[in-house]
Amino acid sequence: MDIWTVDALPSLGSTKPEFQLGVLGDPVEHSLSPRMQNAALAARGLPYRYERVHVSPSRLEEAFARLRELGFIGWNLTLPHKIAGLSLVDRLDPEAADLEAINTVLNHGGELIGFNTDGRGLQAALTEAFKIDLTKVRIAVLGAGGGAGHASARFLARLRPERLLLVNRTLAKMENLKNQLAGDPRITFWDFDQLERVFREADLIVNATSAGLAGGILDWEPDWLQADHRVFDMVYGREGDTPMVAWAKRKGVPAVDGRLMLLHQGAFAFEHWFGRPVPVQAMRDALR
Ligand code: NAP
């Protein structure tokens with residue numbers, strides 16, 4: 001089966017015992033995690049499979065219970081489950097508790113432990129892509145009120161960049177962040193009407209909105225982008241550049257999509273499930 005559902009899970013044990021890992025999302029069709037994780041499993045000689053499971057928000061709790069019952073090794077969460085997943089595990093890794101979102105679950109003998117590898121995955125991807133010292137740049141996060149954006153903002157704030165400009169379409173969704181990060185003069189909050197100024201005041205633009213995923217592109221003026229900007233789009237497509245990456249490249253601006261973050265967060269997740277070594281090269285090749 002290409003994409004599994006919660007209803008199909010009960011029969012798994014007898015029909016597909018090697019299916020022990022997966023990614024839960026809604027939508028989940030776009031996920032390249034199976035390609036990458038199955039390459040890693042093969043490279044380590046582990047007899048398991050990693051699959052996509054379509055789970056709507058109303059069935060997330062049921063999915064966790066089924067996977068625990070079936071003895072799954074672990075799973076990943078993609079949108080929109082990263083915040084809801086927090087309350088469905090037995091224990092939170094301190095980083096996940098701090099970032100207030102989980103993207104990785106480890107089933108440790110029936111005890112579910114929640115981790116967040118997105119923050120470290122983003123840091124590794126930005127550093128690899130742009131060879132920059134993140135403490136010395138002005139970073140703008142678009143979509144800081146969403147699940148990935150919120151966790152990224154919290155994570156980047158801890159790195160203490162020169163400036164951190166947090167932007168969200170719905171300002172009210174950054175209220176939590178405002179309360180948590182208040183008092184640091186380097187961190188400021190903006191809405192999309194102020195994007196032009198945000199671009200002027202930032203060196204690195206990180207898109208954490210799901211706008212690209214929906215096939216759309218944010219409504220901004222091309223001239224806001226300058227040659228010394230760097231663009232990181234957390235969104236990734238199954239084929240080719242995302243609209244945002246294509247747009248930046250047309251302007252001659254270095255830009256990468258979310259595959260690099262997917263790679264690094266996935267490598268950290270694999271390490272939680274199976275320890276080291278993590279076959280990063282096999283995962284990287286699988287994403288090409
Ligand atoms: P989410 O919780 O649903 O958040 C969506 C965010 O996008 C919100 O901030 C929302 O703003 C904003 N948004 C949606 N449509 C918009 C539009 N037309 N204009 C402006 N803002 C818009 O989703 P998520 O879990 O944070 O994921 C966000 C994206 O990051 C997804 O594409 C996901 O695939 C990607 N991601 C990639 C990786 C990776 O490893 N590469 C990891 C994590 C996430 P409002 O608050 O105003 O609604």
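The model is predicted, so local features need pLDDT of at least 70 and side-chain atom pairs count only at pLDDT 80 or more, while totals for chains, interfaces and linings use all residues. Residues are numbered from 1 along each chain as its sequence is written, and side-chain values use heavy atoms, with hydrogens and water left out.

**Sheet and strands**

Helices (H or I, at least four residues) and strands (E, at least two) are DSSP runs, numbered from the N terminus. Two strands pair if DSSP finds at least two bridges between them.

An open sheet holds seven strands in the order 1-3-2-4-6-7-5. Its pairing is mixed. Strand 1 (3-5) and strand 5 (91-92) are the edge strands, and each pairs on one side only. Strand 2 and strand 3 are parallel partners, joined over six bridges. Gly-25 has His-54 in strand 3 as its bridge partner.

| Strand pair | Residues | Bridges | Bridge partners |
|---|---|---|---|
| Strand 8 and strand 9 | 138-142 and 163-167 | five | Leu-142 and Val-167 |
| Strand 9 and strand 10 | 163-167 and 187-190 | four | Leu-165 and Thr-188 |

Strand 9 is mostly covered: four of its five residues are buried (under 20% relative accessible area; exposed is over 50%, partly exposed in between, with a 1.4 Å probe and protein chains only).

**Crossovers**

Strand 8, helix 6 (residues 147-159) and strand 9 form a right-handed β-α-β unit. From strand 9 the chain passes through helix 7 (residues 175-181) to strand 10, and this β-α-β crossover is also right-handed. Right-handed means that, with the strands pointing away from the viewer, the path from the first strand over the helix to the second runs clockwise.

**Aromatic pairs**

Rings of Phe, Tyr and Trp (its six-membered ring) pair if their centres lie within 6.5 Å; planes under 30 degrees apart count as stacked, over 60 as edge-to-face and the rest as tilted. The whole structure has seven aromatic pairs.

One of them joins Phe-19 and Phe-72 edge-to-face, at 5.0 Å centre to centre with 70° between the planes. Phe-19 lies in strand 2 (residues 19-25) and Phe-72 in the loop between helix 3 (60-69) and strand 4 (74-77), so the pair ties together parts that are 53 residues apart in sequence. Phe-19 and Phe-72 are both buried. Ring pairs also bring in Trp-4, giving a cluster of Trp-4, Phe-19 and Phe-72.

Phe-270 and Phe-274 form a tilted pair, with 5.0 Å between centres and 50° between the planes. Both lie in helix 10 (residues 259-274), four residues apart, about one turn of the helix. Phe-270 and Phe-274 are both buried.

**Two arginines**

The charged end of Arg-120 sits over the ring of Phe-268, 4.1 Å from its centre. The criterion is NZ of Lys or CZ of Arg within 6 Å of the ring centre and within 35 degrees of the ring normal.

Arg-154 belongs to helix 6. Arg-154 counts as buried because its relative accessibility is 12%. Its side chain makes a polar contact of 2.7 Å with the side chain of Gln-180. A polar contact is a pair of N or O atoms within 3.5 Å; within protein, one must be able to donate a hydrogen and the other to accept it, and residues adjacent in sequence count only if both atoms are side-chain atoms. Beyond neighbours within four places in sequence, Arg-154 contacts (heavy atoms within 4.5 Å) residues including Asp-98, Glu-100 and Leu-177.
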